[in-house]
Amino acid sequence: MTENNPLLVGITGGIGSGKTTICRIFSILGIPIYEADSRAKWLMNHDLLLKQEIIQHFGTESYDQAGLLNRAYLAAQVFSQEEKVKLINALVHPRVGEDFSYWVQDHKKAPYLLNEAALMFESGRYLQLDRVITVFAPIDLRIRRIQSRDAHRSPEEIQAIISKQMPEEEKMNKAHHILFNDEKQAVLPQVLQLHQSFLVLSQKSQTN
Ligand code: ATP
């Protein structure tokens, strides 16, 4: 934990693992949540520097006449081209990191803060954080959840997204805490236990 900052906790997990659902519980407990993925989308539409960089690398067609991101165009530009995916991430991730730092300054009174991101380790975002939780659910359950949440997505599309994400075992090895959202273990007691341990950690750091 850096001086004068609250404890910073990341929460990650594969598509459909239940990150957002679990964040809602932390939010009910009064913990502010930084939603890195939706914030990244917002920044791609509103951060002037980032927009300029995207146009510079991917062309003016990256934005429509209203100045909003042409997602279909950009998706086609990066489709199956690992180098281009890396490039867009290299443009977006640092801006999100900076935006998160400002957000932390605005939420300093909270005992701890949560940063929710699907690409926590891949983006290097975890380096800004004190603790990381990974939410685990088996793949078949995640596919079922996504199919009932996003009716437009085919099982093949969901599988393709999963295959591009870091394997669950690797995330579990890298994280400090694992939260099992697998319909075998109750979620609420796990969240409450983590909440208590983060409160203790944050108090300890304040008395040091
Ligand atoms: P994404 O990576 O796509 O943002 P996510 O990890 O944030 O996904 P959620 O959106 O929280 O996942 O959950 C996926 C779907 O599964 C949602 O419709 C949610 O309501 C449902 N879900 C999550 N956890 C549970 C649970 N324990 N019991 C029942 N439904 C659940």
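R95 and D47 are both buried. They are also partners in a salt bridge, with their closest N and O atoms 3.0 Å apart. This link joins distant parts of the chain, since R95 lies in helix α5 and D47 in the loop between α2 and α3, 48 residues apart. The model is predicted, and the structure holds 9 salt bridges.

**Other salt bridges**

- R39 and D99 form a salt bridge through their side chains, at 2.6 Å from N to O.
- This pair also links distant parts of the chain: R39 sits in helix α2 and D99 in helix α5, 60 residues apart.
- R39 counts as partly exposed because its relative accessibility is 28%, whereas D99 is buried at 12%.
- K171 and E168 meet in a salt bridge of 3.0 Å, N to O.
- Both K171 and E168 belong to helix α8, where 3 residues, about one turn of the helix, separate them.
- K171 has a relative accessible area of 0%, so it is buried; E168 is buried too, at 8%.

**Overall fold**

- The protein contains 9 helices and 5 strands.
- Its radius of gyration is 18 Å, close to the 17 Å given by the globule rule for 208 residues, so the protein is as compact as a globular protein of that length.
- The C-alpha trace spans about 50 × 40 × 25 Å along its principal axes.
- Of contacts between residues at least 6 apart in sequence, 72% join residues at least 24 apart.

**Surface and charge**

- Buried residues account for 45% of the 208 residues.
- Carbon and sulfur atoms supply 54% of the accessible surface of about 11,700 Å².
- The 23 positive and 24 negative charges have mean positions 3 Å apart.

Methods:
Residues are numbered from 1 along each chain as its sequence is written. This is a predicted model: local features need pLDDT of at least 70, side-chain atom pairs count only at pLDDT 80 or more; totals for chains, interfaces and linings use all residues. Side-chain values use heavy atoms; hydrogens and water are left out. Helices (H or I, at least four residues) and strands (E, at least two) are DSSP runs, numbered from the N terminus. The radius of gyration is taken over C-alpha atoms; the globule rule is 2.2 Å times the number of residues to the power 0.38. Buried means under 20% relative accessible area, exposed over 50%, partly exposed in between (1.4 Å probe, protein chains only). Contact means heavy atoms within 4.5 Å. Accessible areas come from the Shrake-Rupley method with a 1.4 Å probe; for residues, only the protein chains shown count as cover. Lys and Arg count as positive and Asp and Glu as negative; His and the chain ends are not counted. The place of a charge is taken as NZ of Lys, CZ of Arg, CG of Asp or CD of Glu. A salt bridge is a side-chain nitrogen of Lys or Arg within 4 Å of a carboxyl oxygen of Asp or Glu.
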